[in-house]
Amino acid sequence: MLSYIGRSSQFAPALKGSAQAVANGLKNVLPASSQVRFAHTDIQVPDFSAYRRDDVKDTRAKAGESAPNRSAFTYMLVGGGTVTGIYSAKAVVSQFVSSMSASADVLALAKIEIKLDDIPEGKSVTFKWRGKPLFVRHRTDEEVATEGAVDVGSLRDPEHDNVRCKEPKWLIVLGVCTHLGCVPIADAGDYGGYYCPCHGSHYDTAGRIRKGPAPLNLEIPEYSFPEDGLLVVG
């Protein structure tokens, strides 16, 4: 037993040296991790000083010191844009409204002038006004007296003759039947005025409905007599 212990103690330094050699070898085979950093000193930062206002170039100045000048510029810009927008909107609206207005040919028919000397007494002449027939009747003295003596209370659409005729000798009405919009025949019917053959409506020489299904008298347009012998309708 003593001899064995003595021999093992002789080999202890050798074993320790071998272990150290193995450890050193592992370090050479498996090197430790490392980090490498490179400092870039050639990067150029853009300089926008040429685009900045002079009152904001000073980094030590307070933000509120340049606010009034910048606010004035903002108000001026907004005000100018508002005025431009208003005028643009006005131009668009004016163009839109003008496009919807009546054309020149329609405006030409808005009024019509008629020479009354060309219409013989006791006759009714038809004209075209705003796309509708216009009846202009030169009444006789007998027709004026007859229509003036009619009892207004007996009429379906009560109107006195002097209300329908500004000048007793002249009757101006639209030639459109108030029943279904047909065109009556002049100088016809039971009352010598106008007759609608479609459904049998009879009008007198004042354009008042006297018989048949029509509910109202013939319509009277706006007209005037600017001078003797001249009628203007519209």
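This is a predicted model: local features need pLDDT of at least 70, side-chain atom pairs count only at pLDDT 80 or more; totals for chains, interfaces and linings use all residues.
The largest nonpolar core has 13 residues, and Ile114, Leu116, Leu134, Val136, Ile172, Leu231 and Val233 have the most contacts inside it. Strands β1 (112–115), β3 (132–138), β4 (170–174) and β10 (230–233) each give two or more residues to this core. The largest share, three residues, comes from β4. A second, separate core of 12 residues includes Tyr194, Tyr203, Ile209 and Ala214. Among the residues that Ile114 touches beyond four places in sequence are Phe127, Leu134, Val136 and Leu231.

The structure holds two aromatic pairs.

| Pair | Distance between ring centres | Angle between planes | Class |
|---|---|---|---|
| Phe135 and Tyr194 | 4.9 Å | 5° | stacked |
| Tyr223 and Phe225 | 5.6 Å | 85° | edge-to-face |

Phe135 lies in strand β3 and Tyr194 in strand β6 (residues 192–196), so their pair ties together parts that are 59 residues apart in sequence. Both Phe135 and Tyr194 are buried. In the other pair, Tyr223 counts as buried at 5% relative accessibility, whereas Phe225, at 25%, counts as partly exposed.

Two of these rings also have a charge over them. The charged end of Arg137 sits over the ring of Tyr194, 5.8 Å from its centre. The charged end of Lys166 sits over the ring of Tyr223, 4.6 Å from its centre.

His202 lies in strand β7 (residues 201–204) and, with 8% relative accessibility, counts as buried. A polar atom of the His202 side chain lies 3.0 Å from the backbone nitrogen of Asp190. Beyond four places in sequence, His202 touches residues including Gly189, Asp190, Tyr194 and Ile209.

Notes:
Residues are numbered from 1 along each chain as its sequence is written. Side-chain values use heavy atoms; hydrogens and water are left out. Helices (H or I, at least four residues) and strands (E, at least two) are DSSP runs, numbered from the N terminus. Buried means under 20% relative accessible area, exposed over 50%, partly exposed in between (1.4 Å probe, protein chains only). A polar contact is a pair of N or O atoms within 3.5 Å; within protein, one must be able to donate a hydrogen and the other to accept it, and residues adjacent in sequence count only if both atoms are side-chain atoms. Contact means heavy atoms within 4.5 Å. A nonpolar core is a set of buried Ala, Val, Leu, Ile, Met, Phe, Trp, Tyr and Cys residues joined through side-chain atoms within 4.5 Å. Rings of Phe, Tyr and Trp (its six-membered ring) pair if their centres lie within 6.5 Å; planes under 30 degrees apart count as stacked, over 60 as edge-to-face and the rest as tilted. A charge sits over a ring if NZ of Lys or CZ of Arg is within 6 Å of the ring centre and within 35 degrees of the ring normal.
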